[in-house]
Amino acid sequence: MSEILSSLDNGVLTLTFNRPEKMNALTRSMYSGLAKELNDAAGNFGIRAVLLTAAGDHFTAGNDITDFMNNPPTSDDSEVAQFLGAILNFPKPLLAAVKGNAVGVGTTMLLHCDVVISGPTAKFSMPFASLGLVPEAGSSYLFPQLVGYQRAARIFMTGESFDTDAAIDMGLVTAKDSDPLAHAMKIAQHIAEQPPQAIINTKALLKAGDHDSVAAVMKAEFEIFAISLQSEEAMEAFMKFMSKKGK
Ligand code: COA
């Protein structure tokens, strides 16, 4: 069974992270599958919106830590870079339905979504510094812009998590629902019925002010992230996770 499932329903492409036994931790091949799906969807007239969701009880535990250790993404054409580039440049509406843990890139990818619906169990966190790493996906720019400098600094520097109500207050999440997927699908279907070119133009205008800045920040983040990944601080944190799990 593929670790990225895709299904098309009335113009809405649903992409499902499908590795629930590992809390949907994202591997290189999953990033690459997601990037391909998004790039294909961008050029497919039949697809009007994309909805990101996950199998099981959790959205994603972030980047797979074994992959971080064995195949560190150190170049800006790595699979994760391709995925982040694809969401940064995705021209059509991107929605997400979140439940359970949304760790690391599980939270930062939401900064690129147009609508996020989240369940009562959702727990968002960006513990990059705790892992000896730095924020990615343009989050060092987008998150303080969204929530204010001090709230962003506190969340990045403590690694603390926050719930759906806090995420709604921040503007990271649109609404809370006990069935986030059904709610997000309803909005996606509504958007898919709108005039498609007007939707694409609207998104381009909404994103225009920040696009180039985010792209530049993402590039800088990649460079520091790649160095951090090979640091002693990161190795120590990864080993701690692995030994806790008896790996
Ligand atoms: N990479 C690889 N495997 C991961 C993972 C990750 N990021 N997150 C979870 N998993 C795996 C666990 O190893 C475990 O697999 P196992 O049953 O074969 O041992 C399974 O997913 C379930 O996770 P577990 O840790 O047992 O669940 P938990 O409820 O005790 O803890 C978390 C949940 C999210 C707190 C914990 O899994 C965690 O800290 N994960 C790492 C998150 C992270 O740092 N991501 C990178 C961000 S940049």
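This is a predicted model: local features need pLDDT of at least 70, side-chain atom pairs count only at pLDDT 80 or more; totals for chains, interfaces and linings use all residues.
Two strands count as paired if DSSP finds at least two bridges between them. The pairing of β5 with β7 (residues 123-125) is parallel and runs over three bridges; N101 stands opposite K123 of β7.

A further open sheet has six strands, ordered β1-β2-β3-β4-β6-β9, again with mixed pairing. Its edge strands, β1 (4-9) and β9 (175-176), each pair on one side only. Within this sheet, β3 (residues 49-54) and β4 (residues 94-98) are joined in the parallel sense by three bridges, and L51 has L95 in β4 as its bridge partner. Helix α1 (residues 28-42) packs on the sheet and touches β1, β2 (12-17), β3 and β4. The direction of helix α1 makes about 175 degrees with that of β2.

The nonpolar interior is considered next. In soluble globular proteins, nonpolar side chains tend to be buried together. The largest nonpolar core holds 61 residues, of which V50, M109, L110, F124 and F143 touch the most other members. Helix α3 (residues 79-89) supplies the largest share of this core, seven residues. Another core, of 13 residues, lies apart from it and includes L51, A97, V115 and A192. If neighbours within four places in sequence are left aside, V50 is in contact with L13, L15, L38, A41, F90, P93, L94 and L95.

Charged side chains form a further group of contacts. Side chains of opposite charge can pair when their charged atoms come close. The count of salt bridges comes to nine, and the table lists examples.

| Salt bridge | N to O distance |
|---|---|
| E79 and R28 | 3.9 Å |
| D165 and K176 | 3.2 Å |
| K219 and E223 | 3.9 Å |

E79 in helix α3 and R28 in helix α1 are 51 residues apart, so the pair links distant parts of the chain. E79 counts as partly exposed at 22% relative accessibility, and R28 likewise counts as partly exposed at 37%. D165 in helix α7 (residues 164-170) and K176 in strand β9 are 11 residues apart. By contrast, K219 and E223 both lie in helix α9 (residues 196-229), four residues apart, about one turn of the helix. Finally, salt bridges that share partners join E3, R19 and D64 into one network.

Conventions
Residues are numbered from 1 along each chain as its sequence is written. Side-chain values use heavy atoms; hydrogens and water are left out. Helices (H or I, at least four residues) and strands (E, at least two) are DSSP runs, numbered from the N terminus. A nonpolar core is a set of buried Ala, Val, Leu, Ile, Met, Phe, Trp, Tyr and Cys residues joined through side-chain atoms within 4.5 Å. Buried means under 20% relative accessible area, exposed over 50%, partly exposed in between (1.4 Å probe, protein chains only). Contact means heavy atoms within 4.5 Å. Axes are lines fitted to C-alpha atoms, for helices over the stretch in contact, and angles run from 0 to 180 degrees between N-to-C directions. A salt bridge is a side-chain nitrogen of Lys or Arg within 4 Å of a carboxyl oxygen of Asp or Glu.
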